[in-house]
Amino acid sequence: MREEDFNKTELVVIGGSAGSLQVILELIKNLDNKFSFPIILVLHRKANSSNILQVLLQQFTTSEVIEVDDKTEIVKNKIYIAPADYHLLFENKKIMALDSSEKMNYSRPSIDVTFKSAAEVFGKTIIGILLSGANADGVEGLAYIKKYGGKVWIQNPDTAEVDYMPRQAEQQLNYDLLITPQNLAELINQIE
């Protein structure tokens, strides 16, 4: 095998909507504190949401939880949250940008927008994870991640509080793994 066949994970991007917060909390509580990549969270939130999500998640981890601003630097071992009412994009492997263009799938931030941008920048070194939700946002983005050689994980729809989003992904995509709220942290902790 060639060395490039062993792609080190450089980014984990997690998208979720209705029913995904409990999965995220479970993940944060059980995540090793020395993960060697950044974790990006893109969750559907109301446009006027405060930074309460950042404060909530920070209570359960010693890793820094950051709500992204425009031109935020990407640093390993940190957890980043897409802010309410902005799409999160990647300029390159070091800088994130925010965009206020039209909503996609009725959402801003849109999981699809972030997944596609991440796929274009990180290629084979990304893992995209789609959790519980009530619309199809994220499915097209996961297809992009797969097209660019990244890995696709989907929450098992049978374990999702709202199964529409992961069920669409499961039915439409060639995915790598079905995860559960109980094993997600363990799987991420094993990533090289």
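Which handedness does the β-α-β unit made by S9, helix H5 and S10 have? Select S9, helix H5 (residues 164–172) and S10 and take a look: the unit is right-handed. Here, right-handed means that, with the strands pointing away from you, the path from the first strand over the helix to the second runs clockwise. The names come from DSSP runs, numbered from the N terminus: helices are H or I with at least four residues, strands are E with at least two.

Before moving on, note that this is a predicted model, where local features need pLDDT of at least 70 and side-chain atom pairs count only at pLDDT 80 or more, while totals for chains, interfaces and linings use all residues. Residues are numbered from 1 along each chain as its sequence is written, and side-chain values use heavy atoms, with hydrogens and water left out.

**Stop 1: around S9**

Keep strand S9 (151–155) selected. Four of its five residues are buried, so S9 is largely enclosed by the rest of the structure; buried means under 20% relative accessible area with a 1.4 Å probe, counting protein chains only. Click Leu 130 and you'll find its bridge partner in S9, Ile 154. To get from S8 to S9, the chain passes through helix H4 (residues 139–147), and this β-α-β crossover is right-handed too. Next, show strand S10 (residues 177–179), joined to S9 by three bridges and running parallel to it. Trp 153 stands opposite Leu 177 in S10.

**Stop 2: the largest pocket**

Select Thr 9, Ile 127, Lys 151, Ile 191 and Glu 192: of the 13 lining residues, these lie nearest the centre of the largest pocket. Strands S8 (126–130) and S9 each give two or more residues to the lining. By class, the lining has six nonpolar, four polar and three charged residues.
A pocket is an open set of points on a 1 Å grid over the protein atoms alone, where a 1.4 Å probe fits, with protein on both sides within 12 Å along at least five of seven lines; lining residues have an atom within 4 Å of a point.

**Stop 3: a separate selection, S4, S7 and S6**

These three strands form an open sheet in the order S4-S7-S6, with antiparallel pairing. Its edge strands are S4 (72–73) and S6 (87–90), each pairing on one side only. Zoom in on Glu 73: its bridge partner in S7 is Ile 95.

Definitions and conventions: Nonpolar A, V, L, I, M, F, W, Y, C, P; charged D, E, K, R; others polar. Buried < 20%, exposed > 50% of the residue type's maximum accessible area, 1.4 Å probe, protein only. Pairing = 2+ DSSP bridges.
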